Amino acid sequence: MYYRKPQYYDDFTCIADRCPDTCCAGWQIVIDEKSLEEYSRVEGEVGVRLQKSIDWEEGVFHQYNRRCAFLNEENLCDLYRELGAESLCDTCRLYPRHVEEFEEVREFSLSLSCPVVAEMILGQKDPVRFLEEADEALEEEDYEDFDTILFDWLEEARAVLFDIIQNRKLSISTRMSLILNIADIAQKALDHGTLLEVSLEEEIQKFLESSNKQKAISETESLEIRKKMLKDLYKLEVLREEWPQLLERLEKQLYAQGEEHYQQIRQEFCRKMQGCAEKKQQWEIYEEQLLIFFLYTYFCGAVYDDMIYTKAVLAVFSVLWIEELAMERWLFQGKKLEFQDLVEVAYMYAREIEHSDENLNLLEEFFDTRTLYSSEKLMKVLEV
Ligand code: SF4
């Protein structure tokens, strides 16, 4: 069995009471069955408190003022304090660590929804590398119907996509367009049963030779596409009540006053954030790190649902929307945006999108079925 993890994985430490937005508030914490059973047997004062603080039918901790019943005033966990780290349920013990399981590989990542992790991911200056380790002691599990050929292809293709994303000689919009283009070609080939005939190197070459000829869509069409994407975001399950308010504020501030207004704001924001070569490079590094994060976490999951293209769209869509939310934040704060604001916007986005299977599935359905998310349309938006 192999383990894979990003190079910064082991650097994570929870900052507990110093966390600006603790994970023990605002979300329902689902308790695994084994922990539920153990909690049901705890005696004494803590046992009584557990009885009262758990919704036993739903298997979740009760919340008071949207805070976990065990989160005390110092933002520390009373359960941890009373019964120790071993008493924590899987969700609390593992978060923000995440694992994707495949037949011979376990891929570990850290969730962007944690403020410390968002800061780690966005703060990486150099291209991120992934470390691999074999653990002979652990036996490989037998995954019935696991498509090893497809998985091997996905792993190799993802490595090629990583090279594209980390190629800092290309503009970030070219890098994003290229991964959409490659994923689109791969999806069509998979659907036609010809995936193994695709030469990614040739496709990349073809794209780079032809990309200069692409025509950007008009600015008006670009805004219309963004508005339609926003409508899709409104359709998702709401995890935190601030989220729809944030989207409404964005709509009002950026979109409600028409095309000219939007473009003026966008141009000024780009000038401020990317006005010189150094700032532009830094901004592109943020976007590169986000793209790598989303592709690393989700791309190989296509082995289970055959949806290659939607995984690439999720990465590009997420970068587009984190940037859009950052622009709104900049405007709202009197045209100021610090690194910490970007961190906050990124983890807020991730909290809504990544922590609901319903949301991830619905977005994939949109990406798969709507022309709005075709590679042609999205590539043109990236060019504006
Ligand atoms: S969000 Fe991250 S840093 Fe904050 S309390 Fe949770 S795990 Fe710790």
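**Nonpolar core and open sheet**

Alanine 346 touches Leu112, Ala118, Leu122, Leu290 and Ile322, leaving aside residues up to four places away in sequence; two residues are in contact if their C-beta atoms, placed from the backbone, lie within 7 Å. The structure is a predicted model, in which local features need pLDDT of at least 70, side-chain atom pairs count only at pLDDT 80 or more, and totals for chains, interfaces and linings use all residues. Residues are numbered from 1 along each chain as its sequence is written.

Ala346 is, with Ile179 and Val313, one of the residues that touch the most other members of the largest nonpolar core, which has 94 residues. Such a core is a set of buried Ala, Val, Leu, Ile, Met, Phe, Trp, Tyr and Cys residues joined through C-beta atoms within 7 Å. A residue is buried if 20 or more other C-beta atoms lie within 10 Å of its own, again with C-beta atoms placed from the backbone. Helix α14 (residues 308–332) gives the most to this core, namely 14 residues; helices (H or I, at least four residues) and strands (E, at least two) are DSSP runs, numbered from the N terminus.

An open sheet of four strands shows mixed pairing in the order β6-β7-β1-β8; strands pair if DSSP finds at least two bridges between them. Its edge strands, β6 (97–101) and β8, each pair on one side only. Strands β1 (residues 2–6) and β8 are antiparallel, with five bridges. Within β8, alanine 134 is the bridge partner of tyrosine 2, and glutamate 132 that of arginine 4. Of the five residues of β8 (residues 130–134), zero are buried, so this strand lies largely in the open.

Terms used. Buried ≥ 20, exposed ≤ 12 C-beta atoms within 10 Å, placed from the backbone.
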